[in-house]
Amino acid sequence: MKASPLLTISAVLAAAATLAACSASADPEWATYDSTSPAGDTAQLLGELQVRDGCVVVTSETGEDWLPIFPARLVSGWRDGLMFGDALLAEGESVDLAGGELGAAASRSDFTIPAACDGLENAWVVSDVGA
């Protein structure tokens, strides 16, 4: 039995749409804070920028995932990486972020943390000094 041209075209279009949906992924999300004055830069977070379950994280040299919380005024969006100040922080790239750890007892209510990033325990407040 020969397939009708209309059925063949419909099948090809459906397959193309499925492939496009599979290859297109939403931009990852990241945590921010509103800064009106520079945050401190007393420590460094060294690691690799990664996207885990739709959230931008830094995997430290010890293998721990950290949620970097960026100053909102210095993050301009995802374009093949996270634009932070004048720097492009690309996925898989080594990063060195000045700032400090957000302690477990600290409230996260002062920060904008997307749902995709909710489950991360380790949080790092990225300094806006020198960015």
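Two strands count as paired if DSSP finds at least two bridges between them. Strands (E, at least two residues) and helices (H or I, at least four) are DSSP runs, numbered from the N terminus.

Some ground rules before you click. This is a predicted model, where local features need pLDDT of at least 70 and side-chain atom pairs count only at pLDDT 80 or more, while totals for chains, interfaces and linings use all residues. Residues are numbered from 1 along each chain as its sequence is written, and side-chain values use heavy atoms, with hydrogens and water left out.

**Stop 1: colour by confidence**

Colour the chain by pLDDT (the predictor's confidence in each residue, from 0 to 100). The protein chain averages 79, and 74% of the residues score at least 70. Where pLDDT is low, the predicted coordinates should not be read in detail. Hide that stretch if it gets in your way.

**Stop 2: β5 and its sheet**

Select V75 and look across: F84 in β6 stands opposite. Strand β6 (residues 82–84) and β5 pair in the antiparallel sense over 3 bridges. Now show the whole sheet, an open one of 3 strands in the order β5-β6-β7, with antiparallel pairing. Its edge strands are β5 and β7 (87–89), each pairing on one side only. On average, neighbouring strands of this sheet are turned by 25 degrees against each other, direction ignored. For that angle, axes are lines fitted to C-alpha atoms (for helices over the stretch in contact), and angles run from 0 to 180 degrees between N-to-C directions.

**Stop 3: strand β4**

Jump to residues 65–71. How many residues of strand β4 are buried? The count is 6 of its 7, with buried meaning under 20% relative accessible area, exposed over 50% and partly exposed in between (1.4 Å probe, protein chains only).

Next, bring up the partners of β4:

- Strand β1 (residues 31–33) pairs with β4 in the parallel sense over 3 bridges; pick T32 and you'll find F70 as its bridge partner in β4.
- Strand β10 (residues 123–126) is also parallel to β4, again over 3 bridges; here I69 stands opposite V125.
- Strand β3 (residues 55–60) runs antiparallel to β4, joined by 2 bridges; V58 has W66 as its bridge partner.

β3 and β4 form a hairpin with 4 residues between them. Zoom in on the turn and check G63, which has a positive phi of about 90 degrees.

**Stop 4: around the β2 end**

Select D53, found in the loop between β2 and β3. Its phi is near 50 degrees, a positive value in a residue other than glycine. D53 is exposed, at 77% relative accessibility.

**Stop 5: the salt bridges**

Side chains of opposite charge can pair when their charged atoms come close. With a side-chain nitrogen of Lys or Arg within 4 Å of a carboxyl oxygen of Asp or Glu as the rule, the count comes to 2 salt bridges.

Show R52 and D65: their closest N and O atoms are 3.1 Å apart. This pair links distant parts of the chain, with R52 in strand β2 (residues 43–52) and D65 in strand β4, 13 residues apart. R52 is partly exposed at 35%, and D65 is partly exposed too, at 22%.

Then take R73 and D128, with closest N and O atoms 3.0 Å apart. R73 lies in the loop between β4 and β5 (75–78) and D128 in the segment after β10, 55 residues apart. Is each end buried or exposed? R73 is exposed at 52%, whereas D128 is buried at 7%.

**Stop 6: the disulfide**

Last, select C55 and C117. A disulfide (a pair of cysteine sulfur atoms within 2.5 Å) joins them, S to S 2.0 Å. The link of C55 and C117 is right-handed, with 110 degrees about the S-S bond. C55 is in strand β3 and C117 in the loop between β9 (111–112) and β10, 62 residues apart. C55 is buried at 1%, and C117 is buried at 0%.
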